[in-house]
Amino acid sequence: MKITVDFEECLKDSPRFRATIEEVEGDVCELESKLDKLVKLCIGMIDAGKAYNAANKQFVNGIRELAQQSAKDEVIESSLTKFAESLQEMINYHTILFDQAQRSIKTQLQTFVKDDLRKFKEAKKQFDKVSEEKENALIKNAQAPRNKQHEVEEATNILTATRKCFRHIVLDYVLQINVLQSKRRSEILKSMLSFMYAHLTFFHQGYDLFSELQPLMKQLGGQLDQLVVDAAKEKRDMEQKHSTIQQKDFSNDDTKLEYNVDADNGIAMEGYLFKRASNAFKTWNRRWFSIQNNQLVYQKKFKDNPTVVVEDLRLCTVKHCEDIERRFCFEVVSPTKSCMMQADSEKLRQAWIKAVQNSIATAFRDKGDNSEKLDRKSSTSTGSLDSGGEPKERSLKGESALQKVLAIPGNACCCDCGQQDPRWASINLGITLCIQCSGIHRSLGVHFSKVRSLTLDTWEPELLKLMCELGNKVINQIYEARREELGARKPHPGDPRHEVEAYIKAKYVDRRFVRRPSDEELRNKVVSLSKQEKRLSSSSDHLPPKAPPPTPKLRPGSHASGQSAAACGKEARRDSLFCPDELDSLFSYFDTSSKLRSMKSADSGIQNSADGSREMLATTPSSNSLADAEAAESKAMPAALPAASPCKEVVFYEPKEYSPGLQLYWASFTRSLPDMAEALAHGAEVNWVNTEEDKRTPLIMAVHGGSLVTCEFLLQNAANVNQLDAQGRGPLHHATMLGHTGQVCLFLKRGANQNAADIDEKTPLSIAVEAANADIVTLLRLAKMNEEMREAEGPYNPSGDETYQDIFQDFTHMASNDPDKLNRYQQYDPQRP
C-alpha cells in the first residue's frame with residue numbers, strides 16, 4: 001500500500017507535513033463533491049430509466065392490444081404477440097439493470113461518502129483541535145519566567161501532555177488519510193466494475209433473447225416480401241375493380257335495384273326511402289326500407305331492430321300520391337294505418353310500387369297451394385322502368401369518355417412519348433397523355449396545359465366533343481411541324497423523366513417545333529376561312545323556317561283537379577320570380593312522359609340546332625367513327641345557321657394587317673378547331689380584338705359561328721367571358737340576341753356578368769324579354785337568383801342552390817346531346833318597342 005503521508009514526518013510536524021496535510025484535505029473535499037454529484041446523477045438516471053420502463057410498458061401493451069384487434073389475421077396476431085413478449089423481457093432486463101445501478105453506484109458510493117469520509121472529517125477536527133492546544137502549550141512554556149518555578153513546572157507538564165496527545169492523534173489522522181486514499185480506489189473501482197458487469201449481463205441477455213427471436217424475424221421477413229408482392233397485386237386488382245366500377249354508368253344508379261323473392265337472405269328488396277312521420281309536424285326522415293317475410297320494415301342504423309310498417313302485406317295496398325307537394329311519393333295503406341313514403345326518382349317509385357305489389361301477390365300464393373310461382377324476379381332495370389325515368393346521363397365518365405377519346409386517330413398513344421393506352425388528357429390542347437407526361441404537363445401550369453383523367457374525372461359533353469374535334473394527330477401536326485427538320489428526338493416510353501420534361505417544355509412552352517407561317521401563307525389562310533364563312537352563310541338562305549315548338553303539356557295528375565288546379569297554380573305563381581309561360585317552358589324540358597320522349601330524334605352522330613349548339617355527341621355504336629361524325633356534320637351544318645342575324649352582319653373586309661389573332665378570329669367563326677389551335681400555337685392572343693370590326697373578339701365570333709365547342713375551346717384557353725365590343729356587348733349579349741340557349745348556359749356557368757348593359761342600356765335579360773325567349777329568360781333569372789342566394793348565405797353555401805346546379809346541368813346536357821329540345825329560337829329585333 002502506497003503511503004500518502006509519512007508517519008515519521010507527522011511526528012516532526014514540519015512545514016512539509018502541514019503542506020501535505022493541506023493538499024490531502026483539499027483533495028478529499030473535492031472527492032466528496034464529485035462523489036455527491038455522481039450519486040445525484042445516478043439517482044436521476046435511475047428515475048429516468050424507471051419512467052422509460054413505464055412508457056415502454058404502455059407501448060408493449062399497445063402492441064398487445066393491436067395483436068388482439070388483429071386476431072383474424074393469424075400472421076399479424078402471432079408476430080405481434082411474440083414481439084410484445086420479447087420487448088417485455090427487455091423491459092425486465094432494464095429493470096434489473098437499473099436496480100444494479102442503484103446498488104452499485106448509489107448505495108456503495110453513498111456508504112463510502114457517509115462512513116469513510118465522515119471518519120476523516122472527525123479525525124480532522126480532532127487534529128485541528130490538538131494542534132491548536134499544542135501551539136498554545138508551546139507559547140505558554142516559552143513565556144514561563146525562571147524565577148517562578150511552579151509556573152515553569154506547570155507549563156512543562158502541560159506541554160508534555162499536549163505533545164503526547166498530539167502524537168497519538170496525528171498518527172491516527174495520518175492513518176485515516178492513508179486508509180481513505182487506499183479505500184477510495186477500491187470503492188470507486190468496485191462500484192463502477194459492478195455497474196459495468198450489470199451492463200454486460202443486460203446486453204448478453206438481450207443478445208440471447210433476440211438470437212432466439214432471429215429465426216422468426218427472418219421467416220417473417222421472407223413472408224413480408226411475399227406480403228408486399230401480394231399487397232401490390234391486391235392493390236392492382238382493387239384499382240382495376242375501382243376503375244371498372246367507375247367506368248360503369250352511375251347516372252341512373254337507382255336502376256340497379258332488384259326485386260327478388262328467392263333471395264338467400266329473405267330480403268325481396270331494400271333501399272333508402274323518405275318516410276313521413278305520423279306526428280303533428282309531418283317531418284320527413286330518410287330510412288333504410290326492406291321487404292322481407294311478407295312485411296315492410298325499416299331501420300335507421302344497421303344494429304337497430306327493424307321497425308315494422310306493415311305486418312302482413314296481404315292486408316295492404318299501394319298507390320301513387322300526386323296530391324302532395326313532394327315528388328315521387330307513394331302510400332302503403334293497411335286496415336289500421338297508412339304510411340307515406342318518397343323515393344329519390346320516378347324510376348325508384350315505380351320499382352318500389354311494383355315490388356310491394358309483387359310481394360302482395362307472392363304472399364297470397366304462398367298461403368295457397370304450392371303452384372308454380374310466377375313473376376318471381378322483376379328487375380327494375382332501365383328497360384322495365386324507362387317509361388318513367390329521369391333524363392339520361394348528363395356527363396360521361398370512365399369507359400364511355402375513354403372509348404370515345406381513344407377512338408380518335410392518334411389518341412391511342414401518348415401525344416408526347418408514344419406510350420400505349422393513355423389515361424389522361426390535356427383539355428385545352430385536346431390531346432391524350434400517359435401518367436408521366438400528364439404530371440409534367442401539370443407542372444407547366446394551367447396557362448399551358450389543363451390535365452384531367454379520362455377514367456376518374458367527369459366529362460361534360462361539350463368538353464368531350466372538343467377532345468374529339470382535335471386529338472394527338474392534329475396537335476402534333478402543329479406543335480411538331482419542324483421537329484424532324486430540327487433533328488429533335490421525340491421521347492419514347494421509359495425514357496428518363498428529365499429528357500421527356502425538356503422535350504415537352506420545348507414543344508409547348510417554347511414552341512420550338514412550330515412552323516411559323518409567312519405573311520402570304522397567313523393571308524391565304526385568313527382569306528380561305530372567310531370564304532368558308534360565305535359558303536356557310538349563303539347555303540342557309542333557302543332553308544325553310546323551323547316549326548314552332550310544341551305547347552308544353554300538363555304534368556301527370558294535373559287534370560285531376562281541373563279548373564281549381566289552374567286557379568291554385570296562378571295563386572302559387574303570383575309572387576314568383578318567373579312568369580307562368582317561363583315556368584312552363586322550363587318544366588317542358590324535364591317532362592318525363594313517353595309522348596315527349598317519343599318525339600326525340602333518333603338520329604345518331606352529330607346533329608344541328610338553330611340555337612347554335614350544332615354538335616351533338618354520338619350516343620349509338622354506329623357513330624363511333626370520326627369520319628361518320630364529320631360527314632354527318634357536313635351534311636347537316638347548313639341547316640343549323642339562322643336565316644338572319646339580329647346583330648351586325650359578319651362581312652370580310654381586307655384588313656390592314658394579317659396576324660395569328662385574325663386567323664383565330666375567323667377560325668372561331670367558321671368553327672375550325674384545328675385552325676384555332678394553330679393560331680394559338682403561332683402566338684395568337686386568345687382575347688385579340690378586331691379594331692376594324694367593332695372590337696369583336698374570337699369568343700364573340702364563336703358565338704356568331706354558333707358552335708358551343710369553339711366557345712368551350714376558347715374558354716379553356718383563358719378567353720375573357722366578359723370582354724365587351726364597341727357596342728358594349730359581351731359574348732352573353734350576343735348569345736342572347738342570337739337565341740343561342742346552349743351558349744348562354746355555358747357563359748353563365750363560366751361567370752359571365754349578366755348585369756352588364758350595352759350602349760343602349762340593355763342587359764342580356766332585357767334583350768331576352770324583348771325577344772320573348774322564355775328559355776334564356778329562365779336561365780338568366782335562375783342565375784341571378786342563385787347569385788343572390790350565394791351572397792345571402794355567404795361562405796356557408798359557396799356553390800349556390802342545388803336546384804340551379806341541376807337545371808343548368810340539364811341545359812348543358814341538352815345543348816350538347818339533344819339540341820332539338822332547345823330549338824325555340826325567336827329572332828331578336830333591336831327596333832322592337
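**Exercise 1. Strands around strand 8**

How many residues does the hairpin use to join strand 7 to strand 8? Work out what else pairs with strand 8 as well.

*Solution.* Before we start, a word on the model: it is predicted, so local features need pLDDT of at least 70 and side-chain atom pairs count only at pLDDT 80 or more, while totals for chains, interfaces and linings use all residues. Residues are numbered from 1 along each chain as its sequence is written, and side-chain values use heavy atoms, with hydrogens and water left out.

Step 1. The hairpin runs from strand 7 to strand 8 through 4 residues. Helices (H or I, at least four residues) and strands (E, at least two) are DSSP runs, numbered from the N terminus.

Step 2. Look at the pairing itself, where two strands pair if DSSP finds at least two bridges between them. Strand 7 (residues 329-333) and strand 8 run antiparallel and are joined by 5 bridges. Within this pair, F330 stands opposite M341 of strand 8.

Step 3. Now turn to strand 2. Strand 8 (residues 338-342) pairs with strand 2 in the antiparallel sense over 2 bridges. Here K275 has M341 as its bridge partner in strand 8, and F274 stands opposite Q342.

Step 4. Ask why strand 8 is largely enclosed by the rest of the structure. The reason is that 4 of the 5 residues of strand 8 are buried, where buried means under 20% relative accessible area, exposed over 50%, and partly exposed in between (1.4 Å probe, protein chains only).

**Exercise 2. Salt bridges across the sequence**

*Solution.* Step 1. Begin with the total: the structure holds 24 salt bridges, each being a side-chain nitrogen of Lys or Arg within 4 Å of a carboxyl oxygen of Asp or Glu.

Step 1. E322 and R349 form a salt bridge whose closest N and O atoms are 2.9 Å apart. Because E322 lies in the loop between strand 6 (317-321) and strand 7, and R349 in helix 5 (residues 346-367), the pair ties together parts that are 27 residues apart in sequence. R349 is buried, at 4% relative accessible area, whereas E322 is partly exposed at 45% relative accessibility.

Step 2. R750 and E712 meet through their side chains in a salt bridge, 2.7 Å from N to O. R750 sits in the loop between helix 23 (741-749) and helix 24 (764-770) and E712 in helix 21 (residues 708-716), so this pair ties together parts 38 residues apart in sequence. E712 is buried, with a relative accessible area of 1%, while R750 is partly exposed at 33%.

Step 3. In the salt bridge of R729 with D758, the closest N and O atoms are 3.2 Å apart. R729 belongs to the loop between helix 21 and helix 22 (731-738) and D758 to the loop between helix 23 and helix 24, so the parts tied together are 29 residues apart in sequence. Both R729 and D758 are buried.

Step 4. Finish with a network: salt bridges that share partners join D416, E480, R483, E484, K490 and K507.

**Exercise 3. A nonpolar patch**

Which helix gives the most to the nonpolar patch?

*Solution.* Step 1. V75, I76, L224, L227 and V228 make a nonpolar surface patch of about 400 Å². Patches are made of residues with over 30% relative accessible area and no salt bridge; like charges are joined within 9 Å, nonpolar side chains (Val, Leu, Ile, Met, Phe, Trp, Tyr) within 5 Å. Accessible areas come from the Shrake-Rupley method with a 1.4 Å probe; for residues, only the protein chains shown count as cover.

Step 1. Helix 3 (74-143) and helix 4 (149-247) each supply at least two of its residues. Helix 4 gives the most, with 3 residues.

Step 2. Take L224, which lies in helix 4: L224 is partly exposed, at 47% relative accessibility.
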